[in-house]
Amino acid sequence: IFFFFFFLQLLKMGMFNVEEQLGFYAAYHHNPVNQWIHIVCVPLIFWTVLVFLVPVPVPVLNTLPLPAIIPFNAALVATLVYVVFYFILEPIATIPYAPILLGMCYYANVFVATTPNAFYIAVAIHIGAWVMQFIGHGVAEKRAPALLDSFVQALMLAPLFVWLELLFKLGYKPSLSRRIRKQAIADIKAWKNKAASAIKAKTK
């Protein structure tokens, strides 16, 4: 029931239009330096969140007679939500990405089980990755992060965006890449015009 209402809410937000959603996110990550910072830091943030979720049990799943290669906990549930959402948005890119996300979930469980002070290490990595991203936005992009305008969109799209950025650099779907960048450029232009108008209004 939770997942039904969750995806229904995403549908109401228009979150299943891949070009519109990635165009929105790309407008905040147009600078190449900022892109590379996110390519490194977003997976670290995603993985550390999984580490935080590992200790959270999901009793309903634990009662099912299913093979448990990855323990049934909140980290696995979160990973599956992302995989399903990404498969709806961009199925071809998600096929090779799903094993990577599930592998990150598996290693998060291993990390918690085998590493002393795993939580504190994950917190340090998490904070460091966020700091680097804010530096990327402030110094390179010169624009506030997307999460300040739409937290849910940024939260859900970031891992897929950095994966597609890598694929685009390798030549994946060049026409989709061009359309997303075209929308991003238009959004950036509109944002700059709005900011300029706001400055003019203040100076009057």
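Visitor: Hi! Which side chains meet in a salt bridge at 2.8 Å, N to O?
Guide: Hello! Those are the side chains of K173 and E90. Keep in mind that we are looking at a predicted model.

Visitor: Noted. Where do K173 and E90 sit in the chain?
Guide: The pair connects distant parts of the chain, 83 residues apart. K173 lies in the loop between α8 and α9, while E90 belongs to the loop between α5 and α6.

Visitor: Is E90 buried or exposed?
Guide: E90 is buried, because its relative accessible area is 4%, and the cut-off for buried is under 20%.

Visitor: And what about K173, how accessible is that one?
Guide: K173 has 32% relative accessibility, so it counts as partly exposed.

Visitor: What does the backbone of K173 look like, say its phi?
Guide: K173 has a positive phi of about 40°, although it is not a glycine. For orientation, its loop runs between α8 (151-169) and α9 (174-203).

Visitor: Let me look at another loop. What is the phi of N117?
Guide: N117 also isn't a glycine, and its phi is positive at about 60°. You'll find N117 in the loop between α6 and α7 (118-141).

Visitor: Buried or exposed, that N117?
Guide: N117 counts as exposed, because its relative accessibility is 53%.

Visitor: Back to the charges. How many salt bridges does the count come to?
Guide: The count comes to two salt bridges. Besides K173 with E90, there is E165 with R181, whose closest N and O atoms are 3.3 Å apart.

Visitor: Which helices hold E165 and R181?
Guide: E165 is in helix α8 and R181 is in helix α9, 16 residues apart, so the pair links distant parts of the chain.

Visitor: How accessible are E165 and R181?
Guide: E165 is buried, at 3% relative accessible area, whereas R181 is partly exposed, at 28%.

Visitor: New topic: how do α5 and α6 cross?
Guide: The axes of α5 (residues 74-89) and α6 (residues 91-114) come within 8 Å and cross at roughly 170°. That crossing makes α5 roughly antiparallel to α6.

Visitor: Which residues make that contact?
Guide: On α5 they include L76, L80, V83 and F87. On α6, I95, Y97, L101 and C105 are among them.

Visitor: How many of the contact residues are nonpolar, polar or charged?
Guide: The contact of α5 with α6 has 15 nonpolar residues, two polar and no charged.

Definitions and conventions. Residues numbered from 1 in each chain as written. Predicted model: local features only at pLDDT ≥ 70, side-chain atom pairs only at ≥ 80, totals over all residues. Heavy atoms only, no water. Axes fitted to C-alpha atoms, helices over the stretch in contact; angles between N-to-C directions. Helix = DSSP H or I, 4+ residues; strand = E, 2+ residues; numbered from the N terminus. Parallel < 35°, antiparallel > 145°, perpendicular 65-115°, else oblique. Contact = heavy atoms within 4.5 Å. Nonpolar A, V, L, I, M, F, W, Y, C, P; charged D, E, K, R; others polar. Buried < 20%, exposed > 50% of the residue type's maximum accessible area, 1.4 Å probe, protein only. Salt bridge = Lys/Arg side-chain N within 4 Å of Asp/Glu carboxyl O.
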